Amino acid sequence: MKSFKLFALALACAALLTACGDDEKVIPAEQLPEVVQTYIEKNYADKNIVYVKKDAELFETTYEVAFDDGMKVEFDEDGQVIDIDIND
């Protein structure tokens, strides 16, 4: 009986982690956090946004902003730049 309870608990935890796992989707730029929108307006006003991806993971959310020149900037949920990928 104890083994069954442990198995059921492990199964429930696995299901919870799967359900709360990686959730990546394309969102409109207007749904970016205000601090990210301000950063983009200040630093990349001359660039056009192609898409914005929101990656909501279990304990953190990140945003990837892709511009029409191939450049991508990734932000954390607080609006801090995590990575800049310049496509030469």
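Q: Which backbone oxygen does the side chain of Gln37 reach?
A: That of Leu32, at 2.7 Å. A polar contact is a pair of N or O atoms within 3.5 Å; within protein, one must be able to donate a hydrogen and the other to accept it, and residues adjacent in sequence count only if both atoms are side-chain atoms.

Q: What kind of model is this?
A: A predicted one, where local features need pLDDT of at least 70, side-chain atom pairs count only at pLDDT 80 or more, and totals for chains, interfaces and linings use all residues. Residues are numbered from 1 along each chain as its sequence is written, and side-chain values use heavy atoms, with hydrogens and water left out.

Q: Is Gln37 buried or exposed?
A: Buried, because its relative accessibility is 17% (buried is under 20% relative accessible area, exposed over 50%, partly exposed in between, with a 1.4 Å probe and protein chains only).

Q: What is Gln37 in contact with, beyond four places in sequence?
A: Ala29, Glu30, Gln31 and Leu32, where contact means heavy atoms within 4.5 Å.

Q: Which helix is Gln37 in?
A: Helix α2, residues 34–43. Helices (H or I, at least four residues) and strands (E, at least two) are DSSP runs, numbered from the N terminus.

Q: Switching to the sheet: what is the strand order?
A: β1-β2-β3-β4-β5, an open sheet of 5 strands with antiparallel pairing; two strands pair if DSSP finds at least two bridges between them. The edge strands, each pairing on one side only, are β1 (23–27) and β5 (81–85).

Q: How many bridges join β1 and β2?
A: 5, in the antiparallel sense, with β2 covering residues 49–56. Asp23 has Ala56 in β2 as its bridge partner.
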